[in-house]
Structures are given as structure tokens and as C-alpha cells.
Amino acid sequence: MMKSQIEYIRSKTDFVPEIAVVLGSGLGELADKTDIKAIIDYSEIEGLAVSTAPTHKGRFVFAEIEGKKVVFMQGRVHLYEGYSPKQIANPIRLMRLLGADKLILTNAAGGINKNFSPGDFMLLSDHISCFVDSPLIGENDDSLGTRFPDMSGAYDKEMQKIAKRAAFENNIKLQSGVYAQLKGPQFETPAEIKMLSLMGADAVGMSTVVETIAANHCGFRVCALSLITNFACGICDKQLSGEEIVETANRVSGQFEKLIKEIIKAI
């Protein structure tokens with residue numbers, strides 16, 4: 001299936017990306033502010049899962065930005081949409097096969113660490129994957145990667161240094177921490193957040209970990225950033241809503257876009 005998907009993309013564009021970027025909830029507008037060379041909707045590609053989440057446009061944008069050739073996923077797909085981990089991994093693998101070897105993942109997340117505040121950015125230093133199924137379950141595709149990939153350095157140390165330096169030089173506050181992915185779509189209960197805190201999680205969301213596993217498997221160097229859009233359930237006495245996530249993302253989108261652009265420039 002991936003072979004025919006690559007052939008379809010190549011029939012539309014011969015653009016060879018250096019970097020792949022996944023734009024999460026409320027963060028997709030960056031792709032529209034680039035020198036766009038081609039756009040392909042996920043729905044055009046046979047067998048590719050289609051985004052149904054709010055604010056996720058669901059398309060690949062091939063563009064030049066900061067002197068680099070980048071393929072953006074303007075929106076992703078999630079487990080809570082009814083998709084399998086393999087379907088979530090599919091576009092990550094396609095971008096690798098198209099030529100990109102560095103991947104920047106972004107997401108909106110709930111803050112568990114009480115030193116975080118809504119509007120903060122968090123660089124992922126590690127993740128907790130035990131609540132979601134691996135995209136590698138089943139027969140291994142040896143052409144993509146090894147049967148048992150090492151996850152001790154899931155988030156590339158050199159790319160983390162680049163991100164920290166870009167934040168410092170542009171006076172952007174950047175936290176660092178561990179991210180946990182749960183399935184959703186419901187927000188977590190206070191008891192679940194307490195459990196995650198005891199496990200060492202600093203933030204929680206409904207994406208990214210499955211993509212990181214697939215990306216490491218197929219040879220990407222990965223950097224991932226969370227926008228802390230809200231306090232996780234039970235951290236403060238406030239009900240959670242999807243609207244709050246979008247509102248926070250809109251409020252700090254300019255700063256977040258600046259950070260991503262500076263990381264791309266420095267890679």
C-alpha cells in the first residue's frame with residue numbers, strides 16, 4: 001500500500017523534503033505562512049487515514065521555509081478517531097520514504113507538572129507509552145527498521161540542544177519534561193492524573209507517542225514540543241474543554257510558530 005501511496009504523491013510533486021513537521025491542535029496555521037510548492041489532502045491518497053479532529057485540516061503541505069525544504073502534516077489522526085496505531089504511523093513512514101530524515105512533532109497537552117502554566121512550551125525529553133498500543137505490533141517491515149528498536153534516545157539529544165538554544169536566543173520560555181499519551185477522547189480523571197504524576201509524567205495528551213515510536217523505527221531523528229494549553233484534570237478546580245485548548249493555542253500561536261521556524265532554521 002505504501003508503495004502506491006508514494007507513487008501517487010510523486011505524481012503530484014517531485015519535492016524532496018529534508019524535514020518533516022507535524023502540526024497539532026490549534027497549531028496548523030504555520031504551514032500557510034510558507035513558500036508552498038504543493039498541497040495534497042490526505043483524502044486524495046488511497047488508504048490514508050483522514051483527519052476528523054477540529055482545527056486539523058488533514059493535508060500534506062510541501063514548502064520552503066527558513067531556507068529548508070519541509071513537508072508539513074497540517075493536522076494528524078488520533079486513536080480516538082477510531083484509527084489504529086498502524087494507520088497513525090502510516091503518514092510518518094511516508095514522509096520518511098519521501099526523503100525527510102528529521103521530524104518535529106507538536107501537540108497540545110495538559111500540564112501535570114505544577115510548575116507549568118497554560119501557554120508554556122515543553123520540550124519532550126522522554127515519554128510514557130504503556131497506555132497505547134505500539135504501531136510496531138505485528139509482522140515487522142525490515143525495509144523500514146529493526147524488529148526491536150531501541151527507545152533509550154527516542155528524542156534526539158542534538159535536536160533538543162538546538163531547540164533549547166533557539167528558545168533562549170529568542171527569549172521564549174521552554175520547559176522540558178516527560179509526556180504521556182492516553183487514548184481519549186475524554187479528558188483524564190483526577191485519579192488518572194495523580195497516577196501519571198507518580199509515574200513521572202509532566203504533561204498528558206492524545207497523540208505523539210505512537211508517531212515517535214514509528215519515527216524511531218524508520219530512522220527519523222525526532223524532536224517534539226508540547227504547548228501546555230491547560231492544567232490537567234485535578235491540578236486546579238476547573239472543568240476542561242476543547243475550546244480552552246484552541247483559545248490558548250491561538251493566544252500563543254505566534255510565539256510557537258517563531259520557535260518552530262527557528263528550530264527549522266538551525267537544524
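**The second largest pocket**

Guide: Lining the second largest pocket are Met 2, Lys 86, Asn 90, Arg 93, Pro 135, Leu 136, Glu 139, Asn 140, Asp 141, Leu 144, Arg 147 and His 217. The model is predicted: local features need pLDDT of at least 70, side-chain atom pairs count only at pLDDT 80 or more, and totals for chains, interfaces and linings use all residues. Residues are numbered from 1 along each chain as its sequence is written, and side-chain values use heavy atoms, leaving out hydrogens and water.

The second largest pocket holds about 190 Å³ of space, a volume being the space filled by probe spheres set on the grid points, which are joined across faces, edges and corners. Helix H2 (residues 85–97) contributes the most to this lining, with three residues. Helices (H or I, at least four residues) and strands (E, at least two) are DSSP runs, numbered from the N terminus. Sorted by class, the lining has five charged, four nonpolar and three polar residues. Asp, Glu, Lys and Arg count as charged; Ala, Val, Leu, Ile, Met, Phe, Trp, Tyr, Cys and Pro as nonpolar; and the others, Gly among them, as polar.

Now let us turn to some backbone details. Gly 184 and Pro 185 are joined by a cis peptide bond, with omega at about 5 degrees. Pro 185 sits in the loop between strand E7 (174–181) and helix H4 (190–199).

Glu 66 is not a glycine, yet its phi is positive, about 55 degrees. You can find Glu 66 in the loop between strand E3 (59–65) and strand E4 (68–74). Thr 208, also a residue other than glycine, has a positive phi near 80 degrees, and Thr 208 lies in the loop between strand E8 (203–205) and helix H5 (209–217). Glu 66 is partly exposed at 30% relative accessible area, whereas Thr 208 is buried at 1%. Buried means under 20%, exposed over 50%, and partly exposed in between (1.4 Å probe, protein chains only).

Finally, step back to the whole protein. Six helices and nine strands make up its secondary structure. Of its 267 residues, 57% count as buried. Along its principal axes, the C-alpha trace spans about 55 × 40 × 30 Å.

Notes. 1 Å grid on protein atoms, 1.4 Å probe; cavity = no way out; pocket = protein on both sides within 12 Å on 5 of 7 lines; lining within 4 Å.
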